[in-house]
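Here's a quick report on how two protein chains meet. Have the structure open as you read, and follow the residues along.

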There are 2 protein chains.
Amino acid sequence: MNDVIKLLQRHRSIRKYKPDVVSEEVLEAIVRSAQMASTSSNVQAYSVIAVTDPETKLALSAVAGNQQHVEQCPVLLIWCADLSRDRLACEREGAQMISGTMENFIVATVDTALAAQNAAVAAESLGLGIVYIGGLRNNLREVTKLLRVPELVYPLFGMCVGYPDHESSLRPRLPLRAVLHREVYQAENQSEAIAEYDATVHDYYIERTKGKRNTTWSKEMADKFSRPSRAYMRAYLEEQGFRFD
Amino acid sequence: MNDVIKLLQRHRSIRKYKPDVVSEEVLEAIVRSAQMASTSSNVQAYSVIAVTDPETKLALSAVAGNQQHVEQCPVLLIWCADLSRDRLACEREGAQMISGTMENFIVATVDTALAAQNAAVAAESLGLGIVYIGGLRNNLREVTKLLRVPELVYPLFGMCVGYPDHESSLRPRLPLRAVLHREVYQAENQSEAIAEYDATVHDYYIERTKGKRNTTWSKEMADKFSRPSRAYMRAYLEEQGFRFD
């Protein structure tokens, strides 16, 4: 295992930061690394908003369910799927943009995630810690207003970045055989792998919380997926000009 | 700049590979690195199918518009957004899964992309080259049949992996100021940045093709986005059990 693989495999989310600022040079190295991720047909369908203003961070923290680290981190990156530049490109060429396809929505969402993950790796290689903030999707209308997000752009997730002020433990993942299939999708492996993972997750929580958290992965997933989640999302995305035909 | 950032910033797609196989050990290191990427609420909503069978690769290459490297690469990874394990978890707990939300679709798509990008970085750190194959989305019904992809799973993209047998050039990206915004979204920066990038891309193509390819980023985007793209996508995803309410 080389140092890069060690770095990738020791990732854990960091939710408490030293007060040290993230320098301009470091921020640019992170975003330039993000930009070199693969992009579908060179679309580069993303933007990232670096937020350091305390009032904005406080407001975004409230959106995310009062996650303190959103307020506390020195810089909060808001990763946005962005087709607005492509509309500008069409306008420059006198062409009419067809933005309304599921395919274009997928391209923009994937491009953004690939870039953000490169940023996460770059940040961690520089001794920074990060945590993704999907909780911004609790209320994207509010985020859109706060950050003046235009049409054909939507904030996909946030990412807190800062120098770690705590240790956190590696969270065990699904067994490899649940995720890695050979030649075709191997549905027959799943039940046994989930049962094994349930036991692993149970033991991990019991040890980590001194017996207080007594659950399994299946229980957590059943709880999460048996309730409707952010049901306003489709309507919001349509307000931003996305279509799903 | 440390070695990780250098690695990230020298990424280019590789489309021709030496015949050397990718060992089991290397494949596992890559997928285990992918698994350590961040995941929304520990959902881990992805699967990856490692395809080495020549007939399957040939068939998938045809789907992707006869991209030779899809057939030629020693291993083709098919990254799938996967909510099927979450349904199994719900069934284990006697809960009824609500799969039909845009939010769940976004979670699965993003989780898959984050994992895949970690895999790309891990592979490149081991001296391998990769290229993403969005062209599989030309006909996901065919991919689904070939790889026996079950309900609540969809192939998002492929990734050819192998030892590089050619050099390729770094493709210039949008100016940093187009992508990196400060405190709020800065729409006012975009036009000038696009004009600058158009000139950069023009010169890059002219030099690379000895004058044969005479275009700009705006022209490429206008061409791409003024035509409907993969219009069957929404219907296919619904066939796989995804909903967008």
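Contact here means heavy atoms within 4.5 Å of each other. Keep in mind that this is a predicted model.

**The interface overall**

By that cut-off, chain A puts 113 residues into the contact, and chain B puts in 113 residues too. The size of an interface is often given as the accessible area lost when the parts come together. For chain A and chain B that buried area comes to about 10,200 Å², with carbon and sulfur atoms giving 62% of it. On the chain A side, the residues that lose the most area to chain B are M36(A), Y185(A) and F225(A), and together they account for 8% of what that side buries.

**Polar links across the interface**

Now for the polar side of things. There are 62 residue pairs in polar contact across the interface of chain A and chain B, counting pairs with both residues at pLDDT 80 or more. Helix 6 of chain A, residues 102-125, gives the most to the side that touches chain B, with 15 residues. If you sort that side of chain A by class, you get 62 nonpolar, 28 polar and 23 charged residues.

| Residue in chain B | Residue in chain A | N to O distance |
|---|---|---|
| R230(B) | E103(A) | 2.6 Å |
| R182(B) | E24(A) | 2.6 Å |

Take the pair R182(B) and E24(A), which meet through their side chains. R182(B) sits in strand 5 of chain B and E24(A) in helix 2 of chain A (residues 24-35), so this pair joins two chains.

**Strands that pair between chains**

Strand 5 of chain B turns up again in strand pairing. With residues 180-182, strand 5 of chain B pairs with strand 1 of chain A (residues 46-51) in the parallel sense, over three bridges. Look for V48(A), which stands opposite L180(B) of that strand in chain B.

**Domains of chain A**

Finally, chain A itself. Chain A is divided into domain 1, covering 3-169 + 229-239, and domain 2, covering 176-214. Taken over C-alpha atoms, the centres of domain 1 and domain 2 of chain A are 29 Å apart.

How values were computed: Residues are numbered from 1 along each chain as its sequence is written. Chains are lettered from A and ligands numbered from 1 in the order in which they are written. This is a predicted model: local features need pLDDT of at least 70, side-chain atom pairs count only at pLDDT 80 or more; totals for chains, interfaces and linings use all residues. Side-chain values use heavy atoms; hydrogens and water are left out. Buried area is the accessible area (1.4 Å probe) that two parts lose on being put together, summed over both. A salt bridge is a side-chain nitrogen of Lys or Arg within 4 Å of a carboxyl oxygen of Asp or Glu. A polar contact is a pair of N or O atoms within 3.5 Å; within protein, one must be able to donate a hydrogen and the other to accept it, and residues adjacent in sequence count only if both atoms are side-chain atoms. Helices (H or I, at least four residues) and strands (E, at least two) are DSSP runs, numbered from the N terminus. Ala, Val, Leu, Ile, Met, Phe, Trp, Tyr, Cys and Pro count as nonpolar, Asp, Glu, Lys and Arg as charged, and the others, Gly among them, as polar. Two strands pair if DSSP finds at least two bridges between them. Domain bounds come from an automatic or database domain assignment.
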